[in-house]
Amino acid sequence: MSRAIRFVPTLFQVCLLAAFWLGADALARAVGSPVPGGVLALAALLALLLLGWLDANRLRRGAEWLMAEMLLFFIPPVVAVVQFQALFRSEGLKLLAVIGLGTLCVMAGTALVVDRVFRWEHRRRIRGIARRRRESLA
Amino acid sequence: MNDIGMNQWLAAACLLLTVAVYACARWLYARHRAIWFAPLLFAPVVLVGIVLATGIPYPVYMADARWLMWMLGPTTVAFAIPIHDQRAVIRRNPVTIAAGVVAGVVLGVGSSWLLARAFHLPPELAHSLLPRSVSTPFAVTATDAFGGSRELTSLFVVVTGVFGMMTGELVLRVLPMRSRMARGAMLGAASHGAGTAKARELGEEEGVVASLTMTLAGITLVLVAPLLAGWLG
């Protein structure tokens, strides 16, 4: 019972986030926005947080619950594979190959790019700090 | 009881069953950290098995279960909180984070497009594959722009996550990279939520970078999808 009571604020915050999304989605549809409502709402909420007009703690529990249970929300579309059985029987192995090879490709490429860029940015930052220190001493 | 009334009960039962199987998977995975109990793998496999065995038509299954899918909308908005919390990391290494996001999106969409062509996959599958490396709420939005199917895209996102979970550690061992940021970005960009969970096991910085890369890559893909759709056709 106490667990149910503790869930009330979380549920309220989830409802607030849902209302935020509904509003942005309706707006995006009404004006024919090329940016979907979800991303508009995300940007608007982030702006409110960064400007300090809204405290992140007021929505944190709801947001964390939504992100933690996200898998539950996309199980239903995954069950739709039952509709595509014939397709998977003919293309299943190819699909697995595309996803497997593609994922390895993203992993290797991203890791190498980020490793290089990070070393460059890190050196630049260190040099910047050292220069500022010299200048303040001079 | 007539057919329509029967189907309404069945649809409600399917919604409850989905929640129950998911809860069961989480409970099992918390007790035994074995990969086949990972909710990402266990819950869909068990539910597909039940739906196939009982012969419930998918539209009946989805009639009420679509409310769960509806929740992906509010979940998109929730990602504003972790971005806000981790803004210090973006401020410290903006170029590195951006490089990870751009590399992840370009390689994710590019590899799917090239491989789908190389294997001569039909357009419906090829279009649904394009957004597979970003988190589901963003992937199902981007797939609309590519002309893919939300169902197929969700499935491919799950398969990508499971694959990343299984191979992530191996790839980390093989690749010569020293920075924690590269390890985190790699997991977040290639296998979204599943990769981010793995990155959290490696360390706090890896987890934060993975989560940022995953979220920003999702947003970026949704924003550029209409442009990319024009090019890739």
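This is a predicted model: local features need pLDDT of at least 70, side-chain atom pairs count only at pLDDT 80 or more; totals for chains, interfaces and linings use all residues.

Trainee: OK, how many residues of chain B are in contact with chain A?

Mentor: On the chain B side 92 residues are in contact with 71 residues of chain A. Contact here means heavy atoms within 4.5 Å.

Trainee: And how much area do chain B and chain A bury between them?

Mentor: About 7,200 Å², with 83% of it on carbon and sulfur atoms. Buried area is the accessible area (1.4 Å probe) that two parts lose on being put together, summed over both. Tyr22(B), Val77(B) and Ile81(B) supply 9% of what chain B buries against chain A, more than any other three residues.

Trainee: Which salt bridges cross that interface?

Mentor: The rule finds two there, and one of them joins the side chains of Asp85(B) and Arg60(A), at 2.5 Å from N to O. A salt bridge is a side-chain nitrogen of Lys or Arg within 4 Å of a carboxyl oxygen of Asp or Glu.

Trainee: Why would side chains pair up like that?

Mentor: Side chains of opposite charge can pair when their charged atoms come close.

Trainee: What about polar contacts between the chains?

Mentor: There are 10 residue pairs in polar contact across the interface of chain B and chain A, both residues at pLDDT 80 or more. That term means a pair of N or O atoms within 3.5 Å; within protein, one must be able to donate a hydrogen and the other to accept it, and residues adjacent in sequence count only if both atoms are side-chain atoms. Helix H10 (residues 150-174) of chain B gives the most to the side touching chain A, with 14 residues. Helices are DSSP runs (H or I, at least four residues), and strands are E runs of at least two, numbered from the N terminus. That side of chain B divides into 60 nonpolar, 23 polar and nine charged residues.

Trainee: Switching topic: how is chain B divided into domains?

Mentor: Into domain 1 (3-68) and domain 2 (78-232), with bounds from an automatic or database domain assignment. Their C-alpha centres lie 26 Å apart. Five residues of domain 1 of chain B are in contact with seven of domain 2 of chain B, and the two domains bury about 530 Å² between them. In domain 1 of chain B, Ile35(B), Leu40(B) and Leu41(B) lose the most area, together 72% of what that side buries.

Trainee: How many salt bridges are there between those two domains?

Mentor: Zero salt bridges for domain 1 and domain 2 of chain B, and zero residue pairs in polar contact, counting both residues at pLDDT 80 or more.

Trainee: And how many salt bridges over all chains?

Mentor: A search of the whole structure finds 11. Among them, Glu205(B) pairs with Arg92(B), with the closest N and O atoms 3.6 Å apart. Glu205(B) is in helix H12 (residues 204-232) and Arg92(B) in helix H6 (residues 87-92), 113 residues apart in chain B.

Trainee: Last one: where does UniProt list a "transmembrane region" in chain A?

Mentor: The unreviewed UniProt entry lists residues 36-54, 66-88 and 94-118 of chain A; such annotations may be inferred rather than shown by experiment. In the model, residues 94-118 of chain A are 100% helix, and their end C-alpha atoms lie 35 Å apart.

How values were computed: Residues are numbered from 1 along each chain as its sequence is written. Chains are lettered from A and ligands numbered from 1 in the order in which they are written. Side-chain values use heavy atoms; hydrogens and water are left out. Ala, Val, Leu, Ile, Met, Phe, Trp, Tyr, Cys and Pro count as nonpolar, Asp, Glu, Lys and Arg as charged, and the others, Gly among them, as polar.
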